Amino acid sequence: GEAGLALIRTLSRLEQQAPILFAGAGQRELMARAVSELHLDPARLLGTAPLALESGLRAIAGLMADASGVEVSLRVVGVPPADAVVAWEEASVFGQPLSAHLAAHEISGLTQRIPGLWPPGPYALASAAVRVAEAATTGSRRRFSCFVALGRGAVVALPVEVGERGANRILEPSLTRQERTRLENAIESGRF
């Protein structure tokens, strides 16, 4: 709301180059307003809640594959919870495709669980924000799923490379045709 926008205005006046992290799950509209009303550089604004959702999905997938969530690699893009898109084709566990360890109905069941995992809890949100903040301050080659502001008021989750000024680069996720269509629809629905 207005209080959040006023806080961002104050922060952006104090520091004009550092990234601004949005740790909450419901701050997409605030990010869009910071770009449209305050004319902030969209690359400076990163919402870290999709990374927290990704962690939850990795943990559940790990349990289902009789592995640690640390061994699972997957990417969440789009607009969680309703328009979240998981790149299942590139998901892996132990360096092998996730589909080699989980049946199609189990992967579909994971997709169906996303609304129940959103919004992530405060510890998951804090952990995700700290990981992105650390990458911004110390540098990292890791890629993170974050809310980013795109043109025309859309704020969606996409993989980004994080640097000292925010998103160095927004990456194109590897998606199937169906997942790509769902992402394009999510971008349209993610506009404010």
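Modeller: What follows covers pockets, core and strand pairing, in a predicted model.

Colleague: What volume does the largest pocket have?

Modeller: About 200 Å³.

Colleague: And which residues line the largest pocket?

Modeller: The lining is made up of Leu51, Glu54, Arg58, Val70, Val72, Ser73, Leu74, Arg75, Arg141, Arg142 and Arg143. By class, six of the lining residues are charged, four are nonpolar and one is polar.

Colleague: Which element gives the largest share of that lining?

Modeller: Helix 3, with three residues. Helix 3 spans 49-64, and both this helix and strand 3 (72-73) supply at least two lining residues.

Colleague: What about the second largest pocket, how is its lining split by class?

Modeller: Four polar, three nonpolar and three charged residues. The volume of this second pocket is about 170 Å³. Its lining consists of Val86, Trp88, Glu89, Ile107, Ser108, Thr111, Thr176, Gln178, Glu179 and Arg182. Helix 4 (104-117) and helix 6 (177-189) each bring at least two of the lining residues.

Colleague: Switching to the core. Which residues touch the most other members of the largest nonpolar core?

Modeller: Ile8, Leu46, Trp88 and Val162, out of 62 residues in that core. Helix 3 contributes the most to this core, seven residues. Trp88 is also on the lining of the second largest pocket.

Colleague: Take Ile8, then. What does isoleucine 8 touch, leaving out residues up to four places away in sequence?

Modeller: Ile20, Phe22, Leu30, Ala34, Leu38 and Leu40.

Colleague: Now the strands. How many residues of strand 9 are buried?

Modeller: Eight of the nine, in a strand that covers residues 155-163.

Colleague: How many bridges join strand 9 to strand 8?

Modeller: Seven, and the two strands run antiparallel. Strand 8 is residues 143-149. Within this pair, phenylalanine 147 sits opposite alanine 157 of strand 9.

Colleague: And what lies between strand 8 and strand 9?

Modeller: Five residues, as the two strands form a hairpin. Arginine 152, in the turn, has a positive phi of about 60 degrees.

Colleague: What about strand 10, does it run parallel or antiparallel to strand 9?

Modeller: Antiparallel, with four bridges between strand 9 and strand 10 (residues 166-170). These two are also joined by a hairpin, here through two residues.

Colleague: Which residue of strand 10 is the bridge partner of valine 162?

Modeller: Alanine 167. Val162 is also among the core residues that touch the most other members.

Conventions. Residues are numbered from 1 along each chain as its sequence is written. This is a predicted model: local features need pLDDT of at least 70, side-chain atom pairs count only at pLDDT 80 or more; totals for chains, interfaces and linings use all residues. Side-chain values use heavy atoms; hydrogens and water are left out. On a 1 Å grid over the protein atoms alone, a cavity is a set of points where a 1.4 Å probe fits but cannot get out, and a pocket is an open set with protein on both sides within 12 Å along at least five of seven lines; lining residues have an atom within 4 Å of a point. Grid points are joined across faces, edges and corners, and a volume is the space filled by probe spheres set on the points. Ala, Val, Leu, Ile, Met, Phe, Trp, Tyr, Cys and Pro count as nonpolar, Asp, Glu, Lys and Arg as charged, and the others, Gly among them, as polar. A nonpolar core is a set of buried Ala, Val, Leu, Ile, Met, Phe, Trp, Tyr and Cys residues joined through side-chain atoms within 4.5 Å. Buried means under 20% relative accessible area, exposed over 50%, partly exposed in between (1.4 Å probe, protein chains only). Contact means heavy atoms within 4.5 Å. Two strands pair if DSSP finds at least two bridges between them.
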